[in-house]
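Here is a short report for a reader new to this structure. Please look over the sequence and the model before reading on.

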Amino acid sequence: MDISLKSCPFCGSTHVTIGHNDSRFQRRYYFVECNVCRARTRGDAINLDDLGGLRNELDNPAVRKAVTCWNQRAVRD
Ligand SMILES: [Zn+2]
């Protein structure tokens, strides 16, 4: 899978990054965000315990889902 991110659907910026927050219940929540207008995908979460077995970000289903969501322009709130 290609992890490249398309430009922002709202402002056209290419300053788009994958971010994450560690939440309650030992889960890490991933999203894609525009660094200019702060548009953000809803993304997905993964258990922190499951991160240890991942070789890289592409093995992380939560990252893949956030990237797919962003590239399909399915950006909501
Ligand atoms: Zn933007």
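Is C8 buried or exposed? C8 counts as buried, at 4% relative accessibility. Buried means under 20% relative accessible area, exposed over 50%, and partly exposed in between, with a 1.4 Å probe and protein chains only.

## About the model

This is a predicted model, where local features need pLDDT of at least 70 and side-chain atom pairs count only at pLDDT 80 or more, while totals for chains, interfaces and linings use all residues. Residues are numbered from 1 along each chain as its sequence is written, and side-chain values use heavy atoms, with hydrogens and water left out.

## The zinc site

C8 is one of the protein donors of the zinc ion. The donors are C8 (SG), C11 (SG), C34 (SG) and C37 (SG), and they lie 2.3 Å from the ion. Donors are N, O and S atoms within 2.8 Å of the metal (3.2 Å for Na, K and Ca); water is not among the atoms, so sites may look incomplete.

The site is tetrahedral, with angles of 103 to 118° among its four donor atoms. Four donors count as tetrahedral if all angles lie between 85 and 135 degrees. Along the sequence, the donor residues follow the spacing C-x2-C-x22-C-x2-C. C11 is partly exposed, at 38% relative accessible area.

## Two loop residues

Most residues other than glycine have a negative phi. Q26 is not a glycine, yet its phi is positive, about 60°. Q26 sits in the loop between strand 1 (16-23) and strand 2 (27-34). Strands are DSSP runs (E, at least two residues), numbered from the N terminus. Q26 is exposed, with a relative accessible area of 52%.

R38 is not a glycine either, and has a positive phi of about 70°. R38 is found in the loop between strand 2 and strand 3 (44-47).

Note on methods
Helix = DSSP H or I, 4+ residues; strand = E, 2+ residues; numbered from the N terminus. Tetrahedral: all angles 85-135°; square planar, octahedral: opposite > 155°, others 65-115°.
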